[in-house]
Each structure stands twice: as structure tokens, then as C-alpha cells.
Amino acid sequence: MGLHIVVCVKSTPASTNVAIDPATGQPKTTGVQSELNPYDEFAVEEAVRLKERSTGSTATAVTVGSDVCLREAIARGVDDAVLIAGAEFEGGDGFATSLALSAAIKKLHAEKPVHLVLFGKNTSDTGTGVVGAQTAAWLDWPSATAVMKIDAIDEISATVSRAMEDGTDQIKLTLPACVSTVKELNIPRLPSLKGKMAAKKATFPKWGATELGLPPAQVGVAGSATVVVKATTPAPRAAGVKIEGATAAEKARKLVDILIERKLI
Amino acid sequence: MANKGILIVAVSQRGALPPVTFELITAGRRLADALKEPLAAVVISEKASALAADVAARGVDKVFAAEHPSFVGFTEETFAKVAAAVAAKEVYGKILLASNVAGRALAARLSVLLKAGLATDVSEIRPDGKALRPYFSGNLISEVEFKTPVSVMTLGAMAFPRAELGSSKGEIIPFPFDPGISKSSFAAYAPETSNEIDLGAAEKIVSGGRGLGSPEGFKPIFELAHAMGAAVGASRAAVDSGWVPYKHQVGLTGRSVRPKLYIAVGISGQIQHLAGMSSSDTVVAINTDKDCPMMQMANIAVQGDYKELLPLITAEVKKRRGSASA
């Protein structure tokens with residue numbers, strides 16, 4: 001029977017060094033090459049490992065937006081993919097995006113019961129790190145965040161280790177469940193040549209709001225609960241002081257002088 | 001139109017409130033005073049009634065104490081249900097949480113349960129309700145507007161000073177809640193074994209990078225950190241090289257920190273790293289390369305070899321601190 005693992009991924013700009021478009025006041029990302037969000041690599045790798053561990057298992061990648069990340073996930077060993085795309089999804093925040101993901105997961109779940117949905121820590125662009133728990137909330141499924149290890153999993157339940165600020169928690173989840181991960185989870189493999197070939201040729205369903213059964217008012221900008229009204233570059237720091245000295249001992253003394261003077265130590 | 005009133009959601013960790021709770025109170029109090037709205041808090045804990053008194057004594061008008069033996073460990077669904085029940089009780093407009101693992105997950109669930117907009121890692125809340133938060137790895141700051149009557153925000157650690165115990169005392173209201181059967185449960189906790197200061201709450205951090213050259217390079221880092229009472233951080237390059245464990249990593253894939261003092265040793269200042277520490281109050285860079293980004297952005301730059309400088313700085317700190325306290 002095996003497990004059905006879904007991994008939610010995103011295509012993000014390959015560089016986060018983006019400029020602001022003076023006309024719109026928003027980041028200029030058109031023409032910037034996109035790639036699989038770096039934090040999603042760990043979630044994809046875990047999906048593939050879980051699939052390999054028990055026979056008859058499948059791993060499906062899902063995204064809202066562009067198919068770049070789906071092909072990258074297939075190259076890394078994921079079996080199937082679903083692309084949620086259409087003009088109606090543009091400008092969606094975490095709230096709207098997680099609703100679209102949850103609708104797609106429900107649809108997949110009806111076709112072949114889903115056991116676990118994996119997410120990366122956060123995305124490198126908007127970086128909210130909350131879409132996993134939001135998706136779980138829409139589905140009314142249990143969830144765990146900052147998961148560093150999947151200790152045990154069968155078709156009924158999973159035990160996961162969660163990296164807290166002061167140690168490690170172990171959480172038991174009744175499946176299906178959503179899990180947001182951290183990079184300690186694994187060391188991702190590089191895509192194989194065979195995988196890259198498969199990714200190039202892969203075809204997958206494209207679902208719009210209609211296929212997901214979502215009214216236009218619930219997706220994209222219209223369905224968002226927040227809007228970024230403006231983007232600015234952080235104020236540059238004031239010019240610093242340089243510690244000069246003939247010897248290392250003199251520099252060390254001068255540094256400690258300043259730190260004490262500024263009440264920093 | 002936004003609803004009135006501000007609600008802080010405080011979650012205990014191992015029976016105590018993390019210090020960031022008191023930062024939330026400062027942010028909430030400032031906002032409440034500016035908007036002339038009431039400030040409330042809910043404490044979700046197996047010891048809520050005892051902890052609520054500490055919150056009520058720091059300038060919160062009304063504190064709900066949600067206590068249940070099962071609240072000994074954090075689970076997302078149950079805690080979100082408790083917080084949502086309190087939030088719905090008096091229809092609060094702004095809900096504030098910590099940007100730690102629990103606060104973030106809880107905020108995400110609450111935003112869906114309350115159909116509320118969410119902004120994470122907020123550094124500033126404007127009186128008009130807009131929130132400022134970093135994005136694109138901290139290269140940009142976005143101004144977020146909420147389209148919903150309720151807005152949920154998680155606040156970046158150390159973005160606000162910690163509220164002190166005051167003379168006024170808020171009202172404490174027990175909030176009985178039966179979590180019922182849950183699809184997730186807390187099974188066990190393994191504490192951090194090393195006796196080190198947690199990065200996220202540290203006021204001082206000494207951090208090392210690729211420039212240290214080897215795992216032995218971290219020895220003088222730890223020695224200086226111990227002499228100063230600082231936490232130890234590291235760049236991704238140092239962690240990926242296996243010189244120190246991942247828990248020390250500062251930056252985009254690691255922890256976001258905002259200490260009063262950040263000493264970066266042998267860290268060139270890749271954007272990934274800067275994203276996690278550039279809002280530190282004072283940055284000291286120690287590097288052989290005077291032109292690297294970290295030396296350029298630092299408030300205090302010391303050019304030189306760390307192997308020579310660090311032991312001298314540590315000795316100087318010990319000497320001066322020792323004489324100051326004697």
C-alpha cells in the first residue's frame with residue numbers, strides 16, 4: 001500500500017539581491033532567473049527518502065506559480081507534480097496561497113489518500129515561514145513546525161522531532177498531517193542525470209481556481225488578507241570607527257575601551 | 001474597519017515565560033497607549049495562573065489564564081484553539097506573538113481560524129496599523145497593510161525592550177478550556193545539553209566564520225564569549241565545514257538575532273549572514289580583509305589576525321571586568 005507524501009515547493013528568484021521598481025514601489029523580479037527555493041531542497045529530499053523506505057509509496061510535488069521548482073523536484077526523485085497556476089493566483093499572500101495549496105491537497109487526497117505533507121523552512125523571497133501551518137489549519141489536519149527528524153512513520157501516525165530554542169521536542173501526529181522542516185533534516189542529494197532527463201520531459205496537470213473549486217474572491221490578490229503597500233531598502237548604517245594600533249595588544253586594549261565606554265560589556 | 005483592543009498570546013516553555021514575552025508587553029503597551037485601546041494577554045501554560053501574575057504586573061490590563069495539565073508541551077492545534085477562543089471572546093483587533101517556533105506556528109493557525117492577515121518578524125507597528133517586516137533575505141523592508149478586521153503579528157526578538165515590573169496590576173481572569181481529544185500530542189523533551197546561552201535571546205554574541213580556518217579556531221571564540229557572558233554564533237560556512245553544530249548558525253538558514261553587541265570574527269559578511277544579524281545594535285568586525293562587507297558595515301572594525309587579537313581581547317576583558325566588579 002505504501003505512503004503518499006506530498007511536498008509543497010516554490011520557485012523563488014535565484015538571487016535575493018533585487019532592486020525596487022521605482023514605478024511600482026515593489027521588488028523588481030521580472031527577468032530574474034528562478035530556482036527551487038533552497039530550503040525546499042530538504043523537504044524534497046525527505047519526501048524522496050520516505051518514498052524509498054517503503055515500497056508502493058509515491059511522492060507528489062505541488063506549487064503555486066511557475067513549474068521550475070516542480071521540474072527540479074522531479075529531477076531529485078519526486079514521482080508526480082501538480083502545478084497550480086493562472087493569472088488569478090498572482091499577488092497572493094500566505095493566507096491565499098495556503099488556501100490554494102490546501103484545496104489541491106484535498107483533491108489529491110480524494111484521488112489517493114495523503115499521509116504527510118512536507119514544507120521547507122521558509123522561502124528566500126517573502127520568507128514568512130508560515131504557509132505549512134496555515135495549510136494545515138485550512139485542512140484541519142495536525143501539524144508540526146521546525147521538524148529536524150521524522151523518527152517514525154506508518155500509515156496511521158508519525159513521531160517527529162522538533163527543534164525548539166532550548167532543546168528537542170518529540171511530537172506524535174495522527175496522519176494525515178503537515179510538517180514544516182528545518183535544514184538539519186538531511187543532506188540533499190544532487191539531481192541525477194536520469195532525473196534531469198525525466199524532469200525535462202515531465203508533464204503534469206495544471207489546476208486553476210476552477211479546478212480547485214475556489215471562487216475568484218478567495219485566490220490571488222483578492223483572496224489575500226495582507227498587501228505589501230511599499231518596499232524600501234533598509235537605512236544604511238552610520239560609518240563605523242576603525243581601531244588603529246601599532247600592535248595587536250594596543251588594538252585589543254582600544255577595542256575593550258570603546259566597548260566599556262559604550263556600556264556594551 | 002479594524003476591531004479594537006490588543007491581545008498578547010504568551011506561551012510558556014518548560015514552565016516559564018520566555019523573556020520575549022516581556023518584549024511583546026512593551027510593544028503592546030506602546031501600541032495600546034498610542035491607539036487608546038485596552039491591552040490584554042492570554043497565558044497558555046500548565047502553570048498559567050501563577051505566570052499570569054507576572055504578566056499582569058508588567059502593564060497588561062487584563063490577563064486570561066488558560067491552564068490545563070496537557071499544556072506542559074506545545075502542540076499547534078490545541079494552543080491555537082485556546083488563543084482563538086480568547087481572541088473571539090472580546091473581538092480583539094491586533095494579536096501579538098513571539099517570532100519563535102511556537103509563536104510563529106500559532107500565528108499561522110490563528111490567521112486561518114480568525115480569517116486574519118498575518119505579518120511575521122515585525123520590527124515596527126505603525127499607529128495606522130501597518131507593520132514593517134524584512135523580506136528578500138533582509139535586503140528589503142516591506143510595509144504590510146491588513147485588509148482584515150483582525151491582524152496577527154509575530155515580533156522579531158529583541159526588537160523591543162523588556163517590560164519591567166510596575167506598580168499597576170492588571171486583572172487576572174481564569175480561562176477554563178478543555179482541549180478534548182487532539183490529533184497531535186507532546187511526547188517528550190530533550191533539553192539542550194550544553195550549558196550555553198540561547199542565541200535568540202542573547203544580548204551579546206561572539207560569532208565565527210570561514211576565516212577561522214579550522215574547528216580549533218572556535219576555541220578562542222568560546223573563550224571570549226565565556227569571558228563576556230555572550231552566546232556563540234557562526235556563519236553558514238563554518239557550520240557547513242562541520243566546525244560547530246547547526247544550532248550556532250546565524251543567518252537566513254539559521255537564527256535571526258538582534259543583540260546589543262555582535263562580534264563577527266573572520267566572517268566576510270555574505271548577504272545570507274547579514275540577513276540574520278544586521279539589525280544588531282552594535283557590530284564589531286575582526287578580520288584580516290579590511291574591504292570585506294562585514295568590515296564595511298561594522299560600527300567598530302578591527303583589522304588583524306584573530307589568533308593574535310582574540311586572546312588579548314579576552315585577557316583585557318577579564319582584567320577590566322574583574323577590576324570593575326571588585
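In which sense do strand β9 (residues 143-153) of chain A and strand β12 (residues 177-181) of chain A pair, and over how many bridges?

Modeller: The model is a predicted one. In it, β9(A), which spans residues 143-153, pairs with β12(A), residues 177-181, in the parallel sense, and three bridges make up this pairing. One of the residues concerned is A:S143, whose bridge partner in β12(A) is A:C178.

Strand β9(A) also pairs with β10(A), residues 157-164, here in the antiparallel sense and over five bridges. Within β10(A), A:R162 is the residue that stands opposite A:V147. The two strands β9(A) and β10(A) form a hairpin, with three residues between them.

Strand pairing also links the two chains. Strand β14 of chain A, residues 226-232, runs antiparallel to β8(B) and is joined to β8(B) by six bridges. There, A:V228 stands opposite B:V144 of β8(B).

The setting of that pairing is the contact between the chains, in which 67 residues of chain A meet 70 residues of chain B. On the side of chain B that touches chain A, the elements that each supply at least two residues include β8 (140-146), β5 (117-122), β11 (184-191) and the helices α3 (76-89) and α9 (306-325). The largest share of this side comes from α4(B), with nine residues. By class, the side of chain B that touches chain A comprises 35 nonpolar, 18 polar and 17 charged residues.

Definitions and conventions. Residues numbered from 1 in each chain as written. Chains lettered and ligands numbered in written order. Predicted model: local features only at pLDDT ≥ 70, side-chain atom pairs only at ≥ 80, totals over all residues. Pairing = 2+ DSSP bridges. Helix = DSSP H or I, 4+ residues; strand = E, 2+ residues; numbered from the N terminus. Contact = placed C-beta atoms within 7 Å. Nonpolar A, V, L, I, M, F, W, Y, C, P; charged D, E, K, R; others polar.
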